[in-house]
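Please have the sequence and the model open while reading.

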Amino acid sequence: MEQAKASYTGRWGGRRGIGTAIAAVVMVIVIALVGAGTYVGLNSQPHGNKTVKSCTPANSPICVASAQTHDVGLLVPFKASQTGNTVPFTAILPAGDTASSFAFNFGDSGPTSTATSTQPTVTHVYSSAGVYLISVQATVRGVVHDNYQKLTVVTVSAFASAGAANQPGVSGSVVTNSTAITGSPPTTILQPGGSVTFTGSYTAAPTNPQFVFASPTIISSTGGTVQGTPTNTTTSATAAYSFAASGTYVVTFVGKAVSGTVSAFQNYTWTVFVAPSGIHAGVAGTGVATSPHKGSLNIYEETPGGGTSEDPAVDYETAGYEVILNVYQTLIAYNGSQTGPTYASYVPQLATCVPGSPACALQFSGNTLVRGDNYTFVLDSAAKFFDPATKASWGVYPTDVLFSVARTMSFANLPSFGGNNGWILEQAMLPSGNKNWDGGLHGARNNTPDNIYSHVILNGSDCPAVAMTGAAYHGCVTFWANGAGHSWPYFLELIADNLGASIVPCGWFSAAPQVAGIPYWTYNNVTGSGDHPCAAPGTPGWGLSPTAIAAKPTAWDNYQMVGSVPPFWGKVQWALAGSGPYYVPTGGYQIGLSYLLQANPAYVQPSFCHGAGCEPAAGQYAAKVSVIWETTQTPGEQAYATGVADEASIPGTDTALLLSLVAQGKIQAITFPSISIDFFPFNLLFNAPGAAKYTSNPITVQPDFFSYLAVRQFFAHAYPYTTIQSTLNTIDGIQGAFNYGGAIPQFMANYYPTNVSFPNADPCADNTKAACAVYWWAQATSASSPYYDKELAACSSSSPCEVPLFGQTGAPTLDERMALWAASINTISGGAVKVDTLDINFVDAVINSLFSPPGANAMPFYRLGWAPDYPDPTDYVTPMYLPDSTYTSADTVAEQLGVGVNTAFNDSSCATTAAFTNYVKWASIAQTTGGIPNNCQGMAYSSMTYLEGLAAVQPAGPQRVLMYNWVEQIANALALYTYSFQNNYIYTYASWIDGSTINSNVTIGGGGDSLWYLIGGNGVY
């Protein structure tokens, strides 16, 4: 998606050391024994202004039996997490006590289910969804203390990226507990001899249609005796188990999907804690706080400057996106946390069903609304737009859909393909362009008006008759998803994205107050407030018909050029009128400062949406949301401390405060992996005079410094990954980020290639191994090497090659990261290369990297990031690899490496060795020691981009995975980027908020944004 800022913003905590633990209440047990034969004394030792009592000898039977030491606390910042994420646990002892060892039980099974440590903090990763009880024992002066009376519960959900493509969705619950207190909810805490009944079920089919449900079971792999006869169906299982002895046990609902002989498992696990006889076990933190401001949410976000626009057709950053998510609706939406290309991951919003689903077949007499490359959406007649100024409302019609996506695709190719969000839909629908025609305006995809009109059909032959006559419907829109002549199997992912696919009111946008209409259709046609639908193009009074405008292919040129860059076309950059749960009242949007949402009085819950992921009914969400875009985190942190904030930013520099607030019970936190990535692009032809304006240090390298392959490889392998991971990405077990490599992030199906040798460790010192920076330094400076770089070889400690590394202001962790990298480069090169780090503001970084034409970007190498639009490799390889795309345009990649452009990187021998269509051979060469030769890197780059175009339109399956593996093999050998980390998201929220209502979908919550209408809890509404 949009470029992500360097500072850790949103409602998540970053990375810093854990502060001083908050002491638990001291339990002092005094025992007096008088009798013959044995005397056990109590020794008193002064400790500050308290007295600490101990029994001696500590290991005597009387001391051990009498010391009911259930006084250990357990600090767990994240009571909710996702599979694959690192969760830290810190044992807290009463003041004055020191433990010689700690024994943790994480409540799951396997060799890592327990841990013994001399330190109070350990970490654990859960591999299965479920509900876990965590216990800890601490040995203090020979006596074992525990937390049995306040066990910690951690709820783990399956990390739902496209990585779950072959797996079913699962859930589970506890039905009965034989030893539970009458009237209390059943738990998995038992007395010896007690029993507990579990049930599990499938919640969603695998998104890969080749896999189907297999009958599930419930098992207890660590002990327990089954009671009665388990009940199994094709989609659920119920079983009861009893446990004779005390201990920690595991019961698992085993879910499975199969495709031929291949099985894919997704389990749901419960911890059963059987307390020792005579001990009453319990759960910590069962009290429920209440919101002090019922019906409203008070939010503080550290987002200096706010969003760049609230127009869904051009906004492409996280701050503005959050407002759009809550005000506008799409035809379909992600159903909560699942992601994937099939109908199973979506629910209808403005549409009455998700094309391809059984719901469509049920509504329309067996018609699933998918025919070949055509996807048809029937509109719900209950949906209504709302005008905040006039308070009028009116229905949503097919012309609104056409208007919305036509605007989006119009702006798609500027300032580069991928510079605006329209490329997302454009890639799937429009034919290939010609960059030599019409000034290159329609180069990547041919987004002339006639092409746009011909791929979006209103009430066409694919529309069921009842959809145009029935009272429940408002007609149809059919999309021809045949981009560049190929089927596009991931179209549902694209049309569900609010950035670019939000449906806006055609009449309201086109009216005089907004003046954002489309030329030759609605521009200057709508008078008054525009609180009404538009007619189709070509109907009386409504512009040229699609047939007529086909003769005017350049008719929208000026509109496209002025609408794609700030200040954008019309007056809708900061004005909103949607059909979603919220609206922005007049004066409720303060540019760069804050925004206010109020419940939309015209909103109705989507009529045909049922189950998880649906938008709520009117009145079933907070009526008001007040969001402050802070310049610093201080106001939000203070609001947390005083108990008035529902959510606030706690940056990485203040993790100690985060943990303190969690320990005090004032806030909660949830963590889950994201598919947001962070990297440093190399600019192959930077603007040296422009760079000099930012720094007083000399720049002694040539503008094409990074065009040489060995230089990029040397810099990438000099990055101190291990040191940064242990000192900046992870502190005291809190993992804010983790290493990755390549454009495709981890947790995206099985597309992340584990067999590619991405740099991921501290620099090694073997100059015979290509994994070491010293190897690339030797290759670059040796005249006999195919990677010889005459300029780099001339650098020395007395006359170093000096180059600036650009960071961003307000990001101290980034500054530390860059300083470590610069020092590593300096050391390995023996002082021959000097990297000067500097910071510029985020806006300048975006302008340089996004809006600069090739050769004009002033930054030689710099930090940026990418948050997901949708969970498929195309969302990453397109902006990062495709010629003249989001990053490659400003980094002059194609202009330096393109075939026929620069003979230094496209030697004539390369084409005869392997033509660019022979991508398999280039992928093989990439994996050899040394990899792709410097003089062939242009041909390899062309081969890679050709291959990624083929992979994009392949259906899900092994061949597509293999193609992307080859892409990443070649990309790794070309080293166009140094990949720094992939984010974990850490959301904090007030104690009265229900963490399960936070959307953790990788493209929404995982991108740093919130659906405020889903947030629930005690007193929220």
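The model is predicted: local features need pLDDT of at least 70, side-chain atom pairs count only at pLDDT 80 or more, and totals for chains, interfaces and linings use all residues. Residues are numbered from 1 along each chain as its sequence is written, and side-chain values use heavy atoms, with hydrogens and water left out.

**A parallel sheet**

Helices (H or I, at least four residues) and strands (E, at least two) are DSSP runs, numbered from the N terminus. Two strands pair if DSSP finds at least two bridges between them. An open sheet is built from three strands with parallel pairing, in the order β39-β38-β40. Because β39 (833–840) and β40 (861–862) stand at the edges with a single partner strand each, one side of each has no neighbour in the sheet. Helix α20 (residues 812–828) packs on this sheet and touches β38, β39 and β40, where contact means heavy atoms within 4.5 Å. The direction of α20 makes about 170° with that of β39; axes are lines fitted to C-alpha atoms, for helices over the stretch in contact, and angles run from 0 to 180 degrees between N-to-C directions.

β38 is joined to β39 by eight bridges, and the two strands run parallel. In that pairing, Gln808 is opposite Ile840 of β39. On the other pairing, β38 (residues 801–808) and β40 are parallel over two bridges, and Phe806 has Tyr862 in β40 as its bridge partner.

How many residues of β38 are buried? Eight of its eight residues are buried, where buried means under 20% relative accessible area, exposed over 50%, and partly exposed in between (1.4 Å probe, protein chains only). Cys801, Val803, Leu805 and Gly807 point one way from β38, while Glu802, Pro804, Phe806 and Gln808 point the other way, and all are buried.

**Cavities and pockets**

On a 1 Å grid over the protein atoms alone, a cavity is a set of points where a 1.4 Å probe fits but cannot get out, and a pocket is an open set with protein on both sides within 12 Å along at least five of seven lines; lining residues have an atom within 4 Å of a point. Grid points are joined across faces, edges and corners, and a volume is the space filled by probe spheres set on the points. For residue classes, Ala, Val, Leu, Ile, Met, Phe, Trp, Tyr, Cys and Pro count as nonpolar, Asp, Glu, Lys and Arg as charged, and the others, Gly among them, as polar.

There are four cavities of 30 Å³ or more. The second largest cavity has a volume of about 180 Å³. It is lined by 20 residues, and Ala333, Tyr334, Gln349, Ile1004 and Leu1011 are the closest to its centre. At least two lining residues come from each of α2 (318–327) and β21 (332–334). By class, the lining of this cavity has 10 nonpolar, seven polar and three charged residues.

The second largest pocket holds about 1,400 Å³ of space. Its lining has 47 residues, with Gly443, Ala444, Leu882, Pro883 and Asp884 nearest the centre. α22 (874–881), α23 (893–897) and α26 (937–952) each give two or more residues to this lining. The most come from α26, which gives eight residues. The pocket lining divides into 23 nonpolar, 19 polar and five charged residues.

**Trp437**

Trp437 is in the loop between α5 (423–429) and α6 (449–454). With a relative accessible area of 33%, Trp437 is partly exposed. Beyond its neighbours within four places in sequence, Trp437 is in contact with His442, Asn446, Thr448, Pro553 and Thr554. From C-alpha to C-alpha, Trp437 and Tyr148 are 74 Å apart in space, and they are 289 residues apart in sequence.

**Backbone features**

| Cis peptide bond | Omega |
|---|---|
| Leu414 and Pro415 | about 0° |
| Pro566 and Pro567 | about 5° |

Pro415 is in the loop between α4 (398–410) and α5, and Pro567 is in the loop between α12 (557–563) and β29 (582–583).

Arg141 is not a glycine, yet has a positive phi of about 50°. Arg141 lies in the loop between β9 (129–140) and β10 (143–146) and is partly exposed at 40% relative accessibility. Lys391, also not a glycine, has a positive phi of about 65°; its loop runs between β25 (384–386) and β26 (393–395).
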